[in-house]
Amino acid sequence: MTTTDRPTASGDHSYAGYDEDDDPKVKLHYGIDPHDPWPDDVPRGQDDSRWRFQDNPRLARRAELKIAFCWTLTMLSGIALAIVYCVGGQPQVEGTMLFVGFVGLGVGLILWARDLLPGTEVTASRGTHNISDAAKREAAVEAFNRTVDPIARRPFLLRMLGLVGGVFGVAALFPIASLGDRPHRTLYKTAWGPGVRLVDQDNNPLKPADIAVNGILTVFPENNIESPQSSTVLINLGDAPFDVRPGTVGWNIGGLVAFSKICTHAGCPVGLYNAQTHQLVCPCHQSTFDVLKGCNPVFGPASRSLPQLPLAVNNAGYLISSEGYQQPVGPGFWNRA
Ligand code: FES
């Protein structure tokens, strides 16, 4: 038999050309014999309003106090977390406070659900995916209201939950403060600038002859070897022909060029140099930068060139930067703000 039409929204399957027995969806989809009636979405008349201590106000009050105790623990752990964080932080203590706070919150919610909310489980079949009739919709609204009422009749617990959420929520924000400076305030800047000498990791100033052909050296601004975003690679390309991109004329000293060492993908140090191909490789995700093409990325996830540092030589013959970096160093993320 050929199905010529689809079931209607009202659930009426009795149109011409349709036989429910032949409809594979009816059998496969719902797991109910096609000839059985669909169960009501919400069983009517069922007593689902009872909760554990409904008939014993004394035990209900005790349950409330137990919940309040749990949430007080949560609140205190949030305050303790704030204090520990503000006096310098201690990861183990902070972790313990978070653990106590979340456990208290969770146990309190479980006790509330177990002792002070209706405990009847109502399992409703999905039935057909058609729109329910008016009577079923009314029953659903009535059932919903029955479950809201037991929550609303506990104003003490509701207020306490709000308080705990506020205190503990504020404490949980502290990790955000630990993320450090906002990118656009400080990470745009490095310690490089006009006339800053290039030094090695021992803060010794460098001259052009200190770098052998095909050699590479990590250099820093003088007296700033601890500045992570300023770390730079100095490479001697010798006679290898390299592109001088627009705006970078005069930024090299013969074959000496300098580029930021911070990968533009996710910020790892780009320290692997292949002198045969003149490529820099980032060890984290293998982004590869072609030094002859202005450290343009030629492989891997990095989408932006390594920024170039303009070089010069001062009167004493030492290598200096003639300016700072003209682009933000580090991940391309900074570009998109
Ligand atoms: S951080 Fe360099 S490739 Fe991912």
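Modeller: Two strands count as paired if DSSP finds at least two bridges between them. Keep in mind that this is a predicted model.

Strand 7 (residues 288–290) and strand 8 (residues 296–299) run antiparallel and are joined by three bridges. Phe289 has its bridge partner in strand 8, namely Pro297.

Cys295 belongs to the loop between strand 7 and strand 8. Is Cys295 buried or exposed? The cut-off for buried is 20 or more other C-beta atoms within 10 Å. Cys295 has 28 C-beta neighbours inside 10 Å, so it counts as buried. Gln308 is 13 residues from Cys295 in sequence. In space, the C-alpha atoms of Cys295 and Gln308 are 8.2 Å apart.

Now step back along the chain. Gln286 lies in the loop between strand 6 and strand 7. Its phi is positive, about 60°, although Gln286 is not a glycine. Most residues other than glycine have a negative phi. Gln286 has 13 other C-beta atoms within 10 Å, which makes it partly exposed.

Tyr273 is opposite Leu280 of strand 6.

Six strands form it, open and antiparallel, in the order 4-3-2-1-10-9. Strand 4 (256–260) and strand 9 (311–313) are its edge strands. Both have a single partner, so one side of each is left without a neighbour in the sheet. The twist from one strand to the next averages 40°. Strand 4 pairs with strand 3 (residues 232–236) over five bridges, again in the antiparallel sense. Asn236 is bridged to Leu256 of strand 4.

Leu206 is in the loop between strand 1 (196–199) and strand 2 (216–221). It counts as partly exposed because it has 19 C-beta neighbours inside 10 Å. Along the chain, Leu206 and Val313 are 107 residues apart, yet 9.9 Å separates their C-alpha atoms. Asn223 is in the loop between strand 2 and strand 3. How does its exposure come out? With 12 C-beta neighbours inside 10 Å, Asn223 counts as exposed. Asn223 is not a glycine either, but its phi is positive, near 65°.

Last, the helices. Two packed helices are described by the angle between their axes and the distance between the axes. Helix 2 (residues 57–86) packs on helix 3 at an angle of about 160°, with the axes 8 Å apart. Angles over 145 degrees count as roughly antiparallel. Helix 2 and helix 3 are therefore roughly antiparallel. Their crossing is left-handed. The contact residues divide into 19 nonpolar, six polar and three charged.

Helix 3 (residues 91–116) has 26 residues. At 1.5 Å a residue, helix 3 should span 38 Å, and the 37 Å between its end C-alpha atoms agrees. Its buried residues include Glu94, Met97, Gly101, Gly104 and Trp112.

Helix 2 also meets helix 5 (residues 155–172). Their axes come within 8 Å and cross at roughly 20°. That makes the two roughly parallel. Here too, helix 2 makes a left-handed crossing, passing helix 5.

How values were computed
Residues are numbered from 1 along each chain as its sequence is written. This is a predicted model: local features need pLDDT of at least 70, side-chain atom pairs count only at pLDDT 80 or more; totals for chains, interfaces and linings use all residues. Helices (H or I, at least four residues) and strands (E, at least two) are DSSP runs, numbered from the N terminus. Axes are lines fitted to C-alpha atoms, for helices over the stretch in contact, and angles run from 0 to 180 degrees between N-to-C directions. The expected span of a helix is 1.5 Å times one less than its number of residues. Angles under 35 degrees count as roughly parallel, over 145 as roughly antiparallel, 65 to 115 as roughly perpendicular and the rest as oblique. A crossing is left-handed if the near helix is turned anticlockwise from the far one by less than a right angle, and right-handed if clockwise. Ala, Val, Leu, Ile, Met, Phe, Trp, Tyr, Cys and Pro count as nonpolar, Asp, Glu, Lys and Arg as charged, and the others, Gly among them, as polar.
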